[in-house]
Amino acid sequence: MAYKISDDCISCGSCEAECPVSAISEGDGKYEIDPDKCIECGACAGVCPVGAPAQA
């Protein structure tokens, strides 16, 4: 199941830079993950300082 970014997101952008398939983009107030592009690798969750990305 694709990852989603919770409301805990602080919009630092570290997850976007880490995503190998460019599935993450800046949304309205927080970053968002495109579920159609997400390959469920967990790279975003590994670099997030607040643990916002998690499997849905």
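Predicted model: local features only at pLDDT ≥ 70, side-chain atom pairs only at ≥ 80, totals over all residues.
View 1. The side chain of D7 pairs with that of K30 in a salt bridge, with an N to O distance of 3.3 Å. The two partners come from distant parts of the chain, 23 residues apart: D7 belongs to the loop between β1 and α1, and K30 to the loop between β2 (24-26) and β3 (31-33). The count of salt bridges in the model comes to 1.

View 2. S11 lies in the loop that runs between β1 (3-5) and α1 (14-18). With a relative accessible area of 30%, S11 falls between the limits of 20% and 50% and is therefore partly exposed. Leaving aside residues up to four places away in sequence, S11 touches G29, K30 and Y31. Towards G29, the side chain of S11 reaches the backbone oxygen at 3.3 Å. A further spacing concerns A52: the C-alpha atoms of S11 and A52 are 10.0 Å apart in space, while the two residues are 41 apart in sequence.

View 3. The model holds 0 disulfides. For C12, the nearest cysteine sulfur is that of C48, at 5.9 Å; because a disulfide requires sulfur atoms within 2.5 Å, C12 is in no disulfide. C15 is likewise in no disulfide, the nearest cysteine sulfur being that of C9, 6.0 Å away. C15, at 7% relative accessibility, is under the 20% limit and so counts as buried.

View 4. Rolling a probe the size of a water molecule over the atoms shows where empty space is left. In this model, the count comes to 2 cavities of 30 Å³ or more. The largest cavity has a volume of about 90 Å³. How many residues line the largest cavity, and which lie nearest its centre? The lining consists of 14 residues, and those nearest the centre are C19, C38, C41, G42 and C44.

Terms used
Residues numbered from 1 in each chain as written. Heavy atoms only, no water. Helix = DSSP H or I, 4+ residues; strand = E, 2+ residues; numbered from the N terminus. Buried < 20%, exposed > 50% of the residue type's maximum accessible area, 1.4 Å probe, protein only. Contact = heavy atoms within 4.5 Å. Polar contact = N/O pair within 3.5 Å; in protein donor to acceptor, adjacent residues only side chain to side chain. Salt bridge = Lys/Arg side-chain N within 4 Å of Asp/Glu carboxyl O. 1 Å grid on protein atoms, 1.4 Å probe; cavity = no way out; pocket = protein on both sides within 12 Å on 5 of 7 lines; lining within 4 Å. Points joined across faces, edges and corners; volume = space filled by probe spheres on them.
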